[in-house]
Amino acid sequence: LAQDQIKGLGLGESHTHQKSRNRSSSGAMARGIIRHMKRMYAPKHWMLDKLRGRWAPKPNAGPHKLRECMPLIVMLREKLKYALTYREVKMIVMQRLIKVDGKVRSDMFYPAGFMDVVQIDKTKENFRLLYNTKGRFVLHKVVKEEASYKLCRVKKVTRGPKGIPYAITHDGRTL
C-alpha cells in the first residue's frame, strides 16, 4: 500500500499516540485547590495526636496564613471539647453560635489566628487566641469589655488614591 493509503486508514500511528495527541490538544486538566491535609503535616501548634486518624482539617483561605492559624473545627473539637465529632462541630457552627472578631462565622474551617477573639453566645464565653511560651495556641478567657477590642500589627503603610494614607494589618484589614 502507498504511504497516503496507510495514513488514510489510521494504521500509521499507534492507538495510544492518538489518545495523547487528542488530550494535549484539548489542554491540560486543571488541578484546582487541594482541600485536604494529612495529619502528619498539620502545624505542630495545633497539638493533634498522630494516631486518631489519617486526615487533619485544612483551614480555608482567610485573614491568616495556613501555618499561623487554627481552624474553628480544631478549636471546638480538640481544644474546647464542645464537640466529639465533625458532624457535631458542623451543627454548632451552622446554628450561627460562633463569632470571630464580632462576626458570625458559619464556616468550620475558618482560620482564626493570633489575637482573634472567639465569642460563644450560648455559653457567654469569650476567648482570645494567644501563643504560650512554647509557641502553641492557647485559648485565653477574657471578659466582655476586653473582647470588644483587638491589637493588630501594622504590616505596611501606603498611599491610596488622592494621596490618602492607609495601613494594612497582620490579619488583612485596611485602616
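**A first look at pockets, strands and salt bridges**

1. Let's start with a pocket. The lining of the second largest pocket divides by class into three nonpolar, three polar and four charged residues. Here Ala, Val, Leu, Ile, Met, Phe, Trp, Tyr, Cys and Pro count as nonpolar, Asp, Glu, Lys and Arg as charged, and the others, Gly among them, as polar. This is a predicted model, in which local features need pLDDT of at least 70 and side-chain atom pairs count only at pLDDT 80 or more, while totals for chains, interfaces and linings use all residues. Residues are numbered from 1 along each chain as its sequence is written, and side-chain values use heavy atoms, with hydrogens and water left out.

2. To find this pocket on screen, look for its lining: P63, H64, K65, E68, F114, Y131, R153, K155, T169 and H170. The space inside the second largest pocket comes to about 210 Å³. A pocket is an open set of points on a 1 Å grid over the protein atoms alone, where a 1.4 Å probe fits and protein lies on both sides within 12 Å along at least five of seven lines; lining residues have an atom within 4 Å of a point. Grid points are joined across faces, edges and corners, and a volume is the space filled by probe spheres set on the points.

3. What is the volume of the largest pocket? The value is about 250 Å³. Its lining has 17 residues, with I34, R35, K58, P59 and N60 lying nearest the centre. By class, the lining of the largest pocket holds 11 nonpolar, three polar and three charged residues.

4. Next comes the sheet. Five strands make up an open, antiparallel sheet, in the order β5-β4-β7-β8-β9. Because β5 (103–104) and β9 (137–141) stand at the edges with a single partner strand each, one side of each has no neighbour in the sheet. Strands (E, at least two residues) and helices (H or I, at least four) are DSSP runs, numbered from the N terminus; two strands pair if DSSP finds at least two bridges between them.

5. Both ends of the sheet are worth a look. Strand β4 (residues 98–100) is joined to β5 by two bridges, and the two run antiparallel; V100 stands opposite K103 in β5. Five bridges pair β8 with β9, also in the antiparallel sense, and R128 faces H140 of β9. The hairpin of β8 and β9 has five residues between the strands, and G135 takes a positive phi near 85° there.

6. On to charge pairs. The structure holds 10 salt bridges, each a side-chain nitrogen of Lys or Arg within 4 Å of a carboxyl oxygen of Asp or Glu. One of them joins K99 to D121, with the closest N and O atoms 3.8 Å apart. This pair links distant parts of the chain, 22 residues apart: K99 sits in strand β4, and D121 in the loop between β7 (117–120) and β8 (125–131).

7. Since D101 is in the loop between β4 and β5 and K150 in the loop between α5 (144–147) and β10 (154–159), they tie together parts 49 residues apart in sequence. D101 also meets R173, at 3.2 Å, N to O. R173 lies in the segment after β11 (165–169), so this second pair ties together parts 72 residues apart in sequence. Through shared partners, salt bridges join D101, D116, K150, D171 and R173 into one network.

8. Buried or partly exposed: how does K150 count? K150 counts as buried because its relative accessibility is 18%; buried means under 20% relative accessible area, exposed over 50%, and partly exposed in between (1.4 Å probe, protein chains only). D101, at 26%, is partly exposed, and R173, at 36%, is partly exposed.

9. Helix α3 (residues 72–79) is largely enclosed by the rest of the structure, because seven of its eight residues are buried. Those buried residues are L72, I73, V74, M75, L76, R77 and E78. Just after α3, K81 takes a positive phi of about 60°.

10. Finally, the cysteines. The structure holds zero disulfides, a disulfide being a pair of cysteine sulfur atoms within 2.5 Å. C69 is buried, at 0% relative accessibility, whereas C152 is partly exposed, at 30%.
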